[in-house]
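Work through the exercises below with the sequence and the 3D view at hand. Try each task before reading its solution.

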Amino acid sequence: MACIVNAPSSVDIIYGRRVSHAEPKLEELPFLPPVIDRLAVAAADLRRFLARVHFAHETVPDLMAGALYHPTDVFELAKARYERVWMPLLATEIPSGARLAAPVDVQWVHHLHRLDPDAYRADCERGFGRLIDPADPFLVGGDGVPAEDPVAEASARVAWSAIAPGWPFDLGDALRDYRQRGRLFPDGCKGSFDSSSCDMVGSAARQGGFLYQVLPAHYSDATFIRHACERYAMLVALWRDYPGEFLVPTYDMDLVWHAHLSTPGAYAAEMLEVVGRVVDHDDSVNDRAPGAMLDVRGARTRELWRRKYENRESYVKNGAMWRGDPPDWYWTCKFSHPVVFNTPGPVVESLVETGDSSLVSAAQRGHAEIVRELLKTANIDVNKADNDGKTPLAFAACRGHAEIVRELLKAANIDVNK
């Protein structure tokens, strides 16, 4: 339904941040501007949070890079701190509007759990009889980085000590204590929670590379993020219109979807209102081979998107597609980043694969429709090679993708000798 709405007040406070509302536009969006505003804030916060997790080893003593992505002793400890301290703490009567900064490892596990909304709801209802929302979905502390909100971190420390006096709050202290105890947990917890409905270990391994997909500098641009929120809202409209379909988002939409999932109560209410059901999220579908579910459902999503939106907005967006598997420099953290991941400092990379890498990936995998859309993008480098020196044309020719070869040869600046 297209409608024109009056702009809300010029500034709102969302999780303690001042947010200016953009001018409303005539669009077929199922979410009103205040929801889009909230999602834009959350998406930017999520990206900074993922960077904070990725580089936690730089400020937490004895923490190895990537330890929170694998079934290590650190991850085992983080999960225990989440289940035995943090969730029972959140289930207590926290004043409305209060902000609490969770330890970085605990917030990471909480994030993973929230990415599986069906499992999260089931575990919360079994453990507490109700859905538990975070005090702030991505605010963290206890990792050696100066507090973004000192009051929120101090409040969290007080509440933590009250419910689990024998458990250190800071990750470095907790890890040292855990190892000194021979990997035994402290006594003194006043609660417990079971998150077993969620494959937390598997989710950590899969989500460890998500930051790489949203790492390019344009994800720091407020206009790009707001457009991503609008594109996500368009995807939500497809869920409403095609209830039996498994739809595949692009990565700009996926970032916003993950941000939406971070507030389970709002996500459930807004999905029920717009879609009529709470859309589940399954990050275990990640086989990109031709003919696999992700490939087939991605093609179906593009078809339905084109059917609904025609030429008003392309599903394929340069800089928003899959960039390939994260390279070694990502896992070893050999790229630039701010020392402190506080607002408004951007998360950037110096060893970048630009949006042109999407063209390489699409040509390699035989996605002719995506290639055609990307070739319409201004300044796309049709000759850009991957790390092994293979260009989109070389991939398409070697793999027998004749249609893609023809499309690439139409490009004015194609170099057939590269």
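A crossing of two helices is left-handed if the near helix is turned anticlockwise from the far one by less than a right angle, and right-handed if clockwise. The model used here is predicted.

**Exercise 1.** Describe how helix α1 and helix α3 pack.

Solution. 
1. Locate the helices: α1 covers residues 33-54 and α3 covers residues 104-114.
2. Their axes are 10 Å apart, and the angle is about 125°.
3. As for handedness, α1 passes α3 in a left-handed crossing.
4. On the α1 side, the residues that meet α3 are L46, F49, L50, R52 and V53. Their partners in α3 are V104, Q107, W108 and H111.
5. Sorted by type, the residues of this contact are six nonpolar, two polar and one charged.

**Exercise 2.** Is Q207 buried or exposed, and which residues is Q207 in contact with beyond its neighbours within four places in sequence?

Solution. 
1. Q207 is part of helix α7, residues 200-207.
2. Its relative accessibility is 6%. Buried means under 20%, so Q207 counts as buried.
3. Beyond those sequence neighbours, Q207 is in contact with W108, L112, L115, H258 and D283.
4. With D283, the side chain of Q207 forms a polar contact of 2.9 Å.

**Exercise 3.** Where does V145 lie, and is V145 buried or exposed?

Solution. 
1. V145 sits in the loop between β4 (140-141) and α5 (150-163).
2. With a relative accessible area of 11%, V145 is buried.
3. V60 is 85 residues away along the chain, yet the C-alpha atoms of V145 and V60 are separated by 9.0 Å.

Conventions
Residues numbered from 1 in each chain as written. Predicted model: local features only at pLDDT ≥ 70, side-chain atom pairs only at ≥ 80, totals over all residues. Heavy atoms only, no water. Axes fitted to C-alpha atoms, helices over the stretch in contact; angles between N-to-C directions. Helix = DSSP H or I, 4+ residues; strand = E, 2+ residues; numbered from the N terminus. Contact = heavy atoms within 4.5 Å. Nonpolar A, V, L, I, M, F, W, Y, C, P; charged D, E, K, R; others polar. Buried < 20%, exposed > 50% of the residue type's maximum accessible area, 1.4 Å probe, protein only. Polar contact = N/O pair within 3.5 Å; in protein donor to acceptor, adjacent residues only side chain to side chain.
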